[in-house]
Amino acid sequence: MRLVADNVSVARGGHIFFSGISFSLEAGEALVVSGPNGVGKSTFLRVLAGLLPDAEGSVKLDGAEFETAAEGAHYLGHRNGMKAELTVRENLEFWRNFMSLSDGDGSNRCVEVNEAVAMVGLDGLDHLPYGYLSAGQKRRIAMARLLTAYRPLWILDEPTAALDTQSQEMFSGLVANHLGSGGMVVAATHHALGLINTRHLVLTPDAPAVLSSDDPFAAGAPA
Amino acid sequence: MWALFIRDTRLSIRAGGGALIGVLFFLAVVAVIPFGVGPDLNLLARIGPAILWIGALLAALLGLDRLFQLDREDGSLDIMLMQETPMFLTVLVKCLAHWTSTGLPLIIASPVLGLFMNIDGAAMAAVAVTLLAGTPAITFIGAVGAAVSVALPRGGLLVSVLVLPLAIPVLIFGVSAVQGAIEDPAPFLPPFLILCAITLFFSVLGPFAAAAALRASSD
């Protein structure tokens, strides 16, 4: 399975940030998108997730039965997609049922709600209303959503922004696990996720996007 | 899909969900009419079915702006848009859940509120049956308005204004079916069937148009 983006342009409200971005990502590979605030990282990720209706270019998942890349992707944006009035368990069980694939594919690769909550280190909190949790805990529950339904591609927008160091390590482990089982990750992040098989897309204002295979978090690399 | 129905129904009855707001508004509208019109029982009985329908229509419009807005604010809508489940179906289920939690209580309350208007048993039954056939149409029409104004921070009144002209036929045929049921020369079945047809028509068009509007509004 591979993710192929062909000639993608990143535009919002008539303003074009970047055009002609092409790349492909093999199973087990990650793409880290970096650049200064406001350069269009989040917009680029939303284009990949199929959430911008007028985006040009094509994003496809080759070798999978998904019609669009969006259907085969988890999107973890700035907002967590959880309801404060429902308990953690109700939230996650809803997404698990709602996102389960019709043909049953991948059902052996997703975990139960209990397990997912334990994997993000919040065991025993699943009976609480989601609104009672702290910002970091809310984020970790949103990460548990990625585990309860299987998608080969994870699109992550600043996933670890509200997290302490320990939770960042926990999430790095989850991402590494996902990549190890043949998944793909596209992430905009300022924190090293400890990824090994990483490619790097550098977005700079008023310059073409540069794709490199350098480690984005190695010393001396542009951050 | 069943999961979405249960979740939305659950949300509407939890704190701040607003399932009972519509019924309270319905009660307020109908309860003040006798005070305004005066204690003319014959007059109240004559205008009663129409007042019940107008109250139910306005109450049904009340919570519509929240149909998609909350899901958009917390990011759930993005995830729903990405699924292989067609958005049309997601919107349809959300509409059905919304109707179950806001429309159904109005129908259950309508016979009780009919007592305020001095209408007899046959008219109460006719109002309840026509509301049952007609209120889903208001939800489906409202879904389009809610989807169009989903990106506006205070789109509540705008939704009502957008939706009201399209909901007028529902009101007209609903009230004329009730008149047909309680007054002899007027027919009941033709307006009632047209009311059912309007509901069926908008149950297809509404989710379809709302899904397109939601897709276009994501940014």
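Q: Two strands pair if DSSP finds at least two bridges between them. What makes strand E1 (residues 2–12) of chain A and E2(A) a pair?

A: This is a predicted model. In it, E1(A) and E2(A) share eight bridges. At least two are needed, so the strands count as a pair. The sense of their pairing is antiparallel. In one place, A:Val10 stands opposite A:Phe18 of E2(A).

Q: Where does A:Arg2 lie, and why is it called partly exposed?

A: A:Arg2 is in strand E1 of chain A. It has 15 other C-beta atoms within 10 Å. A buried residue needs 20 or more, and an exposed one has 12 or fewer. A:Arg2 is in between, so it is partly exposed. Apart from neighbours within four places in sequence, its contacts are A:Ser24, A:Leu25, A:Glu26, A:Ala27, A:Asp62 and A:Gly63. From A:Arg2 to A:Arg12 is 10 residues in sequence and 27 Å in space, C-alpha to C-alpha.

Q: What makes the phi of A:Asn7 stand out, and is A:Asn7 buried or exposed?

A: Its phi is near 55°, a positive value in a residue other than glycine. A:Asn7 sits in strand E1 of chain A. It has 11 other C-beta atoms within 10 Å. The limit for an exposed residue is 12 or fewer, so A:Asn7 is exposed.

Q: Where is A:Glu158, and how do you know how exposed it is?

A: A:Glu158 is in the loop between strand E6 (153–157) and helix H5 (165–180) of chain A. It has 18 C-beta neighbours inside 10 Å.

Q: Why do E5(A) and E6(A) count as paired?

A: They share four bridges, in the parallel sense. The cut-off is at least two, so this is a pair. A:Leu76 stands opposite A:Leu156 in E6(A). Both strands belong to an open sheet of six, in the order E5-E6-E7-E3-E8-E9 of chain A, with mixed pairing. The edge strands are E5 and strand E9 (210–212) of chain A. The twist from one strand to the next averages 15°.

Q: How do you know how H7(B) and H9(B) run relative to each other?

A: Helix H7 (residues 121–148) and helix H9 (residues 189–217) of chain B pack at an angle of about 20°, with their axes 8 Å apart. Angles under 35 degrees count as roughly parallel. H7(B) and H9(B) are therefore roughly parallel. H7(B) passes H9(B) in a left-handed crossing. The residues of this contact comprise 19 nonpolar, five polar and no charged.

Q: How do you know how H2(B) and H3(B) are oriented to each other?

A: The axes of helix H2 (residues 21–37) and helix H3 (residues 41–62) of chain B cross at roughly 150° and come within 9 Å. Angles over 145 degrees count as roughly antiparallel. H2(B) and H3(B) are therefore roughly antiparallel. Their crossing is right-handed. H2(B) contributes residues including B:Phe25, B:Phe26 and B:Ile33, and H3(B) residues including B:Leu44, B:Ile51 and B:Leu58. The contact divides into 17 nonpolar, two polar and no charged residues.

Q: How many residues of chain A and chain B are in contact, and what makes up the side of chain A that touches chain B?

A: 25 residues of chain A are in contact with 21 residues of chain B. Strand E5 (73–76) and helix H2 (88–99) of chain A each supply at least two residues of the side of chain A that touches chain B. The largest share, four residues, comes from H2(A). This side of chain A has 13 nonpolar, six polar and six charged residues.

How values were computed
Residues are numbered from 1 along each chain as its sequence is written. Chains are lettered from A and ligands numbered from 1 in the order in which they are written. This is a predicted model: local features need pLDDT of at least 70, side-chain atom pairs count only at pLDDT 80 or more; totals for chains, interfaces and linings use all residues. Two residues are in contact if their C-beta atoms, placed from the backbone, lie within 7 Å. Ala, Val, Leu, Ile, Met, Phe, Trp, Tyr, Cys and Pro count as nonpolar, Asp, Glu, Lys and Arg as charged, and the others, Gly among them, as polar. Axes are lines fitted to C-alpha atoms, for helices over the stretch in contact, and angles run from 0 to 180 degrees between N-to-C directions. Angles under 35 degrees count as roughly parallel, over 145 as roughly antiparallel, 65 to 115 as roughly perpendicular and the rest as oblique. A crossing is left-handed if the near helix is turned anticlockwise from the far one by less than a right angle, and right-handed if clockwise.
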